[in-house]
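Here are some notes to read with the model open next to you. Take the points one at a time and find each spot on screen as you go.

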Amino acid sequence: MKITNLIASTAAAFVLVTGVASADENAVLEIDGQVMITRAPAPDHMNIDEVISGWVFRSDETQALEMDDFENPGMIFVDQAREAYETVDGAAGESCASCHGDVASFEGLRTVLPRWREDAGEVWSMEDYINNCRETRMQAEPWKWGKPQMDAMVALISLQSRGMPMNVAIDGPAAATWEQGREIYYTRVGQLDMACANCHEDNYGVYIRADHLSQGQINGFPTYRLKNARLNSTHARFKGCMKNIRAEPYGVGSDEFTALELYVASRGNGLSVEGPSVRN
């Protein structure tokens with residue numbers, strides 16, 4: 001039997017292993033008195049009826065961590081970003097707060113990213129906006145994608161939109177990038193000959209080893225992963241998935257991953273922004 005058939009059979013038929021903590025898929029995610037939308041009708045462009053937050057697929061213990069900001073380990077990094085937001089950096093003698101004032105001014109931004117940036121002629125993720133401010137306004141060094149400073153700032157800004165539904169635009173000038181991302185999502189790659197869709201569309205809800213496969217939604221990113229005890233960015237997670245199927249990953253911050261981010265974000269339209277979430 002070819003290894004591809006073996007993997008596909010395993011993904012389709014794997015049963016719950018004794019001792020694996022199960023998830024309460026009927027639980028309600030409420031944070032600081034605010035109820036999150038963890039299930040929503042799927043956008044028209046999808047092949048399924050309902051979109052479901054990754055939080056739903058986590059164990060009771062992991063779900064509980066996200067429900068309490070005091071217990072959520074990702075909030076430690078948010079606090080670090082609050083300090084960085086107020087700190088002057090770069091030759092211009094400016095901080096983030098110098099231009100933007102209270103970080104609450106970013107309310108709603110996370111729900112529409114990635115999006116087309118007209119003056120740049122391309123789709124931008126939040127990291128692009130952060131580095132644009134750092135380089136052009138603060139005259140400071142850009143931060144590397146997927147590194148602690150950047151991920152913490154993305155988490156802080158995302159937090160301002162928590163509870164608001166994702167509403168990423170996929171038409172107009174962003175359409176070509178969205179189509180590129182869709183193609184990447186469904187294209188089999190790597191030694192295991194798998195695509196994103198094989199796990200997150202065809203087999204979500206089943207267990208492979210101790211992993212309860214989710215739909216791969218990114219409305220909760222950046223997410224604190226218990227596996228590596230730090231915040232993880234969307235592109236870093238894409239890279240990890242590609243390495244898991246033994247494929248050569250695109251670079252973090254690459255055009256390919258930005259396209260994939262736009263497509264995957266659009267699959268979660270209607271779900272609440274949760275970041276920073278907690279996952280395995």
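Predicted model: local features only at pLDDT ≥ 70, side-chain atom pairs only at ≥ 80, totals over all residues.

1. A word on names: helices (H or I, at least four residues) and strands (E, at least two) are DSSP runs, numbered from the N terminus. Residues count from 1 along each chain as its sequence is written.

2. Start with two loop residues. Gln139 sits in the loop between H5 and H6, and its phi is positive, about 55°, although Gln139 is not a glycine. Ala229 belongs to the loop between S9 and strand S10 (230-232). Phi of Ala229 is near 55°, again a positive value in a residue other than glycine.

3. Now look for cis peptide bonds. One joins Leu113 and Pro114, with omega about 0°; Pro114 is in the loop between H4 and S5. Another joins Gly275 and Pro276, and omega there is about 0°. Pro276 lies in the loop between H10 and strand S11 (277-279).

4. How do H5 and H6 pack? Their axes are 10 Å apart, at an angle of about 105° (axes are lines fitted to C-alpha atoms, for helices over the stretch in contact, and angles run from 0 to 180 degrees between N-to-C directions). That makes H5 roughly perpendicular to H6; the scale is under 35 degrees for roughly parallel, over 145 for roughly antiparallel, 65 to 115 for roughly perpendicular, and oblique for the rest. In contact (heavy atoms within 4.5 Å) are Met126, Glu127, Ile130 and Asn131 of H5 and Met150, Met153, Val154, Ile157 and Ser158 of H6. By class, this contact has six nonpolar, two polar and one charged residues. The classes go like this: Ala, Val, Leu, Ile, Met, Phe, Trp, Tyr, Cys and Pro are nonpolar, Asp, Glu, Lys and Arg are charged, and the others, Gly among them, are polar.

5. H6 has another partner to check. The axes of helix H3 (residues 74-86) and helix H6 (residues 148-159) come within 8 Å and cross at roughly 95°, and H3 and H6 are therefore roughly perpendicular to each other. On the H3 side the contact includes Phe77, Val78 and Arg82, and on the H6 side it includes Ala152, Met153 and Leu156. The contact of H3 with H6 has eleven nonpolar, no polar and one charged residues.

6. Move on to helix H7 (residues 175-186) and helix H10 (residues 255-267), which pack at about 90° with axes 7 Å apart. H7 is thus roughly perpendicular to H10. Among the residues that make the contact are Trp178, Arg182 and Tyr185 of H7, along with Glu256, Leu260 and Tyr263 of H10. By class, the count is nine nonpolar, four polar and four charged residues.

7. How many aromatic pairs does the structure hold? There are ten. Rings of Phe, Tyr and Trp (its six-membered ring) pair if their centres lie within 6.5 Å, and planes under 30 degrees apart are stacked, over 60 edge-to-face, and the rest tilted. Phe77 and Tyr224 form a tilted pair, 6.3 Å centre to centre with 35° between the planes. Phe77 lies in helix H3 and Tyr224 in strand S9 (residues 223-225), so the pair ties together parts that are 147 residues apart in sequence.

8. On a 1 Å grid over the protein atoms alone, a cavity is a set of points where a 1.4 Å probe fits but cannot get out, and a pocket is an open set with protein on both sides within 12 Å along at least five of seven lines; lining residues have an atom within 4 Å of a point. Points are joined across faces, edges and corners, and a volume is the space filled by probe spheres set on the points. The largest cavity has a volume of about 120 Å³, and its lining includes Leu113, Pro114, Met126 and His235. The second largest pocket has a volume of about 270 Å³, and the largest share of its lining, seven residues, comes from H5.

Note on methods: Heavy atoms only, no water.
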